[in-house]
Amino acid sequence: MAGITSIGVYLPIYRLNRDEIAKVWTGRSAGGTKAVAGYDEDTITMAVAATLDCLVGSEASPDGLSLATTTAPYREKQSAAIVASVTDLPQETRTADFTNSLRASTIALKAAIDAVNAGSARNVVVAAADCRLGAARGTMEQSLGDGAAAMMIGSDNVIAEIEGSYSIFNDFTDYWRTADDTYIRTTEQRFIDEVGYLPTMQEVISGLLDKYKLEMADFSKIVYYAADARQHAALALRMKLDKEKVQDNFYQSVGNTGTAAPLLMLAAALEKLKPDERILFVAYGDGADAFIIKITENIQKFQNKSKITDKLTGKIPINYGQYLTWKDLVAMEASTLPERSALSMPSRWRERRVIAALYGVRCKNCGTPQINQIGQAIRVCVNCQAKDDFEPYKFSDKKGKLFSYAIDQLQPTQNPPGVNGVIDFDEGGRIICELTDCELDKVAVGMPVEMTFRKMFYSRGINNYFWKAKPAD
Amino acid sequence: MDGIRDKVAIVGMGCTKFGERWDKGVEDLIVEAAYEAFDDAGIGPKDVQAAWIGTVFSGISAITLSPLQLPYIPMTRVENMCATGSEALRGACYAVAAGICDIALAVGVEKLKESGTTGVKGPSVVGDNQEGSSGIGPGYSAPASFAYLATRYFHDYNIPPEEGKRLLAQIAVKNHHNGSLNPKAHFQNELTIEQVVNAPIIAWPLGLFDCCGVSDGASVAVVTRADMAKNFRDDPIYVKGMQITVGARQGAMEQSYDFVHIEENVIGSGRAYAEAGVKDPRKDISCAEVHDCFSIHEMIVYEDLGFSKRGRAREDIEAGSFTLEGDLPVNTDGGLKCFGHPLGASGLRMMYEVYKQLQGKAGPRQLKNPHLGLTHNLGGNAGTGVCSCIIVGNEK
C-alpha cells in the first residue's frame, strides 16, 4: 500500500515580527513572527531545498515529481521541471505542477498515491511551496508566511501508510486572485467560516469517518489546515476537538505557508508519533481532502533525521523595509549602473548542468574536481591539462569552507551589502560565488558553508537561478 | 629566443590631463595626447607607419583612431583588460622590432565617465557580462574582488584589521602626495592617514580612498628602432623587457592559490627581469609605476615584483621605501589613485611618467639619476588576470 517514505521541509531563516508590521500601520498585531523568503528565494528555490531535504538519506530514487503551489514564478513554464532538474532527477521522471488551489499539495498527494497504488510510479515526490502576498495593513499581510515541504510517496520502507482518503470539492470563493492581482482577495470572515470553511471541513471529516467506519477516538493526532490561527481554533471549538490531539499549526512563528502548510504540520506530527498511531489529516481549499495516515515501524528512521521543529526556527529578524524591498512592493531608486547584457539562452542551455545542479567535472587523469564559476565548459584540466578526460562531478551537495570573502557595498542586491566568498570544497575544488543568509558579523575565514539554490537576479523575463553558498547548519 | 631588449625605443610621448573630461570626447583625448607625442618626437602624423589603439569600452576597431586622419596605414585595436594600454605599446614595439615598420604609434584611451557610473561597468567576474554569457557569475564589484586579497593577507599574516587598514592607508597617502605634485593628475590633493581610514567602506577593509578614481584620459607613445632613436632625440628611452602574462582562472578553480599574491605578477615580472637582465629588482629598478587599483594590490605587488620579501611589504611601507625619497619610489606620478583608471590609457600613462623620469623631466617629482624604470598592470582580479610588466632604460 502506498505511503509516505520520506519528508523534507524548508523554511527561510528570515522572520518579520508582526508587531513591526502593526507599528508601521498603527494597527493591531496578531503577535509572533512570519517567515519571509529571502530576497533571492522564491517558490522554486524553496521547493528545491525541501525536495533535497526529503531526498537526504532516502534510498528510493523518485520517478515522479509534482510541485504544488499557488505562486509559481512563471505563468507558462513548468516549475516542477526546474525543481527536478536542480535536484538532479533522471530525465524520465514524470513532472507536473499542481496549482491554482490551496489544496494543490493534497491533490498532488492523492495523484501520487493513486499512481503508486496503480503501479505506474514507484516513488513520487510531492513538493509544495508558497510565498503568497497579503496587501498592506490587511490580516493576511500578517498571517501569511513563506515556506516549503516535500513528501515522497512510495510503497517500500513506508514510514506512514495512507490507509484511506475522502475528498469533496466546493466551488466557494473565499480566497482568490486573478491573473492581474498581486495580492490575495477575500470576503467577509463570518461568511467564509460559517458557509465555507467550517461546514466543508466538518463534512469531509464526517465523510471520511463514515467511509472507513472510524471515530475521532481512533486518531492520536489531528492535523488540519486553516487560513489563520483564529480559524484554526474555530474549527477545534466547533468540532470539540481534543486540544491535546490538535497539531500545532506554526502560524504563530511561521505563518500560513499556503500549499506547504498542511505538509509542514504533518511532518511535525510524524516526528512525535509511535508505530500504529493514526493521524487525521485534512487540507482545505476549493473543497477539502481528508486522509487516514497510520504510522509504521519505519518511523524511527525519519525521527532520527534532523528535527523538523528545529528547522522551523528563524534566525535572522528583518524589518518592514526589507520585507517590502524583497517582495518588490516598493519602487526603489534605479541603479545608475548600466544594465547587464541579456542572458544568453544558448549558453544557459549548454551550461544547464552547471546551472541546475552545480555540476563541474573531475579529471579522470589526475582526479581534480573543478568547476568554472561562469559556467563555461571545462575541456582541458586546470591541473594536469589532460583534454576531454573528465567525469561529471556534482558540487551542489558538497560542504566547504570559506577561504576568503568580500562584503561589497557597491554590489546591486536587494539585501545590501553583497557578500561573496571563495569556497574551498572539503573534497576538493573551488568556486568563487555569492553568499546568502549570512549574519555579517559571523562571516569569517574558515566558516563552514554549504551550497543553496537561489535566484541571482531577474532579467528580461528570466529568473536567473544559480547556486550560492550559505553558512552550514 | 631573443627578446625585445634594446631593439626599440620610445622617442615621443603625450598624455592628457586625466579627470572628468565631460567636455571632451574620445576624439579630443586622442588628438590631445597624440599631438603632444608627435611634437615630442618631432614628427607629424604622416610619418606614422602603423598604429595600435588600446581601449576596452570606448571604441570598436582601429577606426577609433580616425580623428587623427592617419593616411590609410595598418592600424589595430587591442583589448587586454587593465593592461590594454600596455598591450597597444607591445603591438607597436613588436612591429618595429620585427622590422615591419620604423615608426609606430601606440595609443591608449578610455572615457570611463561616459558609462554613467562611478566604477568600471559590469560585474568584475571575467567574462560574465558579455554577449553570450549565462549571467551566473557573482555580481560583485571590482573593489570586492580585491578585498578577498586584503581579507586573506590580514588573516595569513596575523594583521589586526584596524592595523591593516592603517598600513594600506600609507599607500594611498603616498600616492596622493605624489599626485599633488602632478598637474596632469585627476586628484591633486594630499590625504591624511585619518582621512583614509575613516572614509566610507566600499568592500571591507577597503574604503573609498583605498580605491582608485574613475577618470577619462589618453596617452600616446611614438616607437622607433633603437638604432634610429637618436635621429629623433638625444634622450630616447629604450625598451628592455616587455611581458604580458595571462592566467587561465587557475586561482579561481584550484585550492592551491593562496589569495596573498598574484601568480601572473610573479611570473610576468620574473620574465621581464630576465629579458631586461635585471638581477635584483629592488636595487636595479630606479622607479616603478605599478597597478594600484586598490591599495592592497600595490602592497602585494611590492612582494610579487620582488621589491619586498614575501610577507614583509609592511616593513618597507613603514620604512618609507617607496616614497619619492625612498630607495625605490613607486607611483611617482600619483598612480591610479590620483589618475583614476581609464583602462585603455593607464599602461601608457604609467610609461609617460617613467619616460619623463628617465629623461629628467618629471618636474617637482624628479628622482635623482634614475636609469631603469618599470610599468606594471594587472587586469582581472585575484584568481585570474592579465599582467603586463615593461622595463625601460635611458641607456642602451
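1. Start with a helix pair in chain B. Thr84(B), Gly85(B), Ser86(B), Ala88(B) and Leu89(B) of α2(B) meet Leu343(B), Gly344(B), Ala345(B), Ser346(B), Gly347(B), Leu348(B), Arg349(B) and Met351(B) of α13(B). To meet, or be in contact, two residues need C-beta atoms, placed from the backbone, within 7 Å. Helices (H or I, at least four residues) and strands (E, at least two) are DSSP runs, numbered from the N terminus. The contact of α2(B) with α13(B) has 6 nonpolar, 6 polar and 1 charged residues. Here Ala, Val, Leu, Ile, Met, Phe, Trp, Tyr, Cys and Pro count as nonpolar, Asp, Glu, Lys and Arg as charged, and the others, Gly among them, as polar.

2. A word on the source. This is a predicted model, in which local features need pLDDT of at least 70 and side-chain atom pairs count only at pLDDT 80 or more, while totals for chains, interfaces and linings use all residues. Residues are numbered from 1 along each chain as its sequence is written, and chains are lettered from A and ligands numbered from 1 in the order in which they are written.

3. How do the two helices cross? Two packed helices are described by the angle between their axes and the distance between the axes. Helix α2 (residues 84-97) and helix α13 (residues 343-359) of chain B pack at about 65°, and their axes are 5 Å apart. That makes α2(B) roughly perpendicular to α13(B). Axes are lines fitted to C-alpha atoms, for helices over the stretch in contact, and angles run from 0 to 180 degrees between N-to-C directions. Angles under 35 degrees count as roughly parallel, over 145 as roughly antiparallel, 65 to 115 as roughly perpendicular and the rest as oblique.

4. Chain B has two domains. Domain 1 covers 8-113 + 219-229, and domain 2 covers 142-213 + 238-393. Such bounds come from an automatic or database domain assignment. Their centres, taken over C-alpha atoms, lie 24 Å apart. In chain B, 34 residues of domain 1 are in contact with 33 residues of domain 2. On the domain 1 side, β1 (8-15), α2, β4 (103-111) and β7 (216-225) of chain B each supply at least two residues. Helix α2(B) gives the most to that side, with 8 residues. By class, the domain 1 side has 19 nonpolar, 10 polar and 5 charged residues.

5. Now chain B as a whole. It holds 13 helices and 11 strands. The radius of gyration of chain B is 19 Å, close to the 21 Å that the globule rule gives for 396 residues, so chain B is as compact as a globular protein of that length. That radius is taken over C-alpha atoms, and the globule rule is 2.2 Å times the number of residues to the power 0.38. The C-alpha atoms of chain B fill a box of roughly 55 × 45 × 40 Å along the principal axes. Buried residues make up 65% of chain B. Buried means 20 or more other C-beta atoms within 10 Å of a residue's own, exposed means 12 or fewer, and partly exposed lies in between, with C-beta atoms placed from the backbone. Of the contacts in chain B with a separation of 6 or more, 75% join residues 24 or more positions apart.

6. Chain A has 13 helices and 22 strands. Its radius of gyration is 23 Å, close to the 23 Å given by the globule rule for 473 residues, so chain A is as compact as a globular protein of that length. Its C-alpha trace spans about 70 × 55 × 40 Å along the principal axes. Buried residues account for 49% of chain A.

7. Chain A is also divided, into domain 1 (3-326) and domain 2 (345-471). The centres of these domains of chain A are 31 Å apart, over C-alpha atoms.

8. Is Leu11(A) buried or exposed? With 29 C-beta neighbours inside 10 Å, Leu11(A) counts as buried. Leu11(A) sits in the loop between β1 (3-10) and β2 (14-17) of chain A. Beyond neighbours within four places in sequence, Leu11(A) is in contact with Ala35(A), Gly147(A), Val254(A), Lys311(A) and Leu312(A).

9. Last, the chain interface. Here 42 residues of chain B are in contact with 41 residues of chain A. On the chain B side, α3(B) gives the most, with 8 residues. That side has 15 nonpolar, 21 polar and 6 charged residues.
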